[in-house]
Amino acid sequence: MSNVPGDFAKPTKCRCYGPLVSKGPIVAHEITRRACTDNDVVIDIKYAGICHSDIHQAREEWGPAIFPMVPGHEIAGVVVAVGKKVTKFALGQTVGVGCMVGSCGECRACLQGDEQYCANGMVGTYNSKEKYPHMAEYNDEGGGVTYGGYSKHIVCNQNFVVHIPKNLDLAAAAPLLCAGITTYSPFIHYGLRPHHKVAIMGLGGLGHMGVKLAVAMGCDVTVISRGTAKRESAFKELKAHHYLDSKNPDDMNNAKGTFDFILDTISAQHAIGNYIDLLTVDGKICIVGAPPEDLAVQAAKLIFGRKTFCGSLIGGVRETQEMLDFCGRHNITCEIEKINANQINEAYERTVKG
């Protein structure tokens, strides 16, 4: 069997969905995917998750973007072709592509496996350009545009493709490529241990993954959320051990000084000082949500207690594979709702409204 069967040996037309202009609706259109080169993997995309960042970029809320756009960086599918130098993947395997498809490969961050912090800038899975000379679509105009997972197939360098364990539901595994690694990475980097008391702030896409992972790591896990509407799901579906209503002054006061680690997944403005108070001595609070405005932090709240306020992005490719393997061993996937491509616009509006 040829490594590059049929039309994948040359550029191929690909049906996709995305906005043609800034703030435009998600519509069906067509792009051209590059030919499968020696180090490429061609993936027949079965599922692509909707991330809130897709909406931000489609609406140019994070700055100028490239249009037409094909969003999607939570990609799960099956290998249908590989280049002749590909050694990590074979036809028929279930695989994924996350938030990036390239990096400089030379800086300190890249060399230590943290491509997401590439000193020269990682190449996003979409709304980016293949700007490095070693990339297949590099050119003097800044590189070919990258297009994401709202499409029939994708061609990606093998170094930015990961294996998805066979025992995981493929649709429910797709968001692990963003929400999963975004929560897993800080747990590992900042030294989460089974005896730690951990709190997860917010119970959205990131929050529910943080709870599942922390529980699987053996931690004592508390969900912190406004009100009690999510209490039942925190216990029954996510298996959290405790629930803290952040609107209840007595509960918040009783929890002061009790947590070793807090993962802040809230993307709206909030009084971060109230949560720093919940940390024990040497406790850490890590922000992975992205509020649109600055958060006010009183230095004294950190100094008196030797507390750490930090942040984290996604993980590198190696760590993403580690996360997927962990999820495979513990049968962890995301809570999802399946939709058809013609429902994306409606899903965007529902996501924004929360």
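Mentor: Strand S13 (residues 259-264) is joined to S14 by five bridges, and the two strands run parallel; strands here are DSSP runs of E with at least two residues, whereas helices are runs of H or I with at least four, and both are numbered from the N terminus. Two strands count as paired if DSSP finds at least two bridges between them. Within this pairing, leucine 263 has cysteine 286 of S14 as its bridge partner. S14 also pairs in the parallel sense with strand S15 (residues 308-311), over four bridges, and there lysine 284 stands opposite threonine 308 of S15.

The model is a predicted one, in which local features need pLDDT of at least 70 and side-chain atom pairs count only at pLDDT 80 or more, while totals for chains, interfaces and linings use all residues. Residues are numbered from 1 along each chain as its sequence is written, and side-chain values use heavy atoms, with hydrogens and water left out.

Turning to the charges, side chains of opposite charge can pair when their charged atoms come close. A salt bridge is taken as a side-chain nitrogen of Lys or Arg within 4 Å of a carboxyl oxygen of Asp or Glu, and the structure holds twelve of them. One of these involves lysine 301 and aspartate 277, whose closest N and O atoms are 2.9 Å apart. Because lysine 301 belongs to helix H9 (residues 299-303) and aspartate 277 to the loop between helix H8 (272-276) and strand S14 (279-287), this pair ties together parts that are 24 residues apart in sequence.

Another salt bridge links glutamate 335 and lysine 212, at 2.6 Å from N to O. Glutamate 335 sits in the loop between helix H10 (317-330) and helix H11 (344-353), and lysine 212 in helix H5 (residues 205-216), so parts 123 residues apart in sequence are tied together. Lysine 212 is buried at 14% relative accessibility, whereas glutamate 335, at 46%, is partly exposed; buried means under 20% relative accessible area, exposed over 50%, and partly exposed in between (1.4 Å probe, protein chains only).

Lysine 236 and glutamate 232 form a salt bridge with closest N and O atoms 3.0 Å apart, and both lie in helix H6 (residues 231-236), four residues apart, about one turn of the helix. Lysine 236 is exposed at 57% relative accessibility, and glutamate 232 is exposed at 51%. Finally, Arg34, Asp40, Glu130 and Glu137 are linked in a network of salt bridges.
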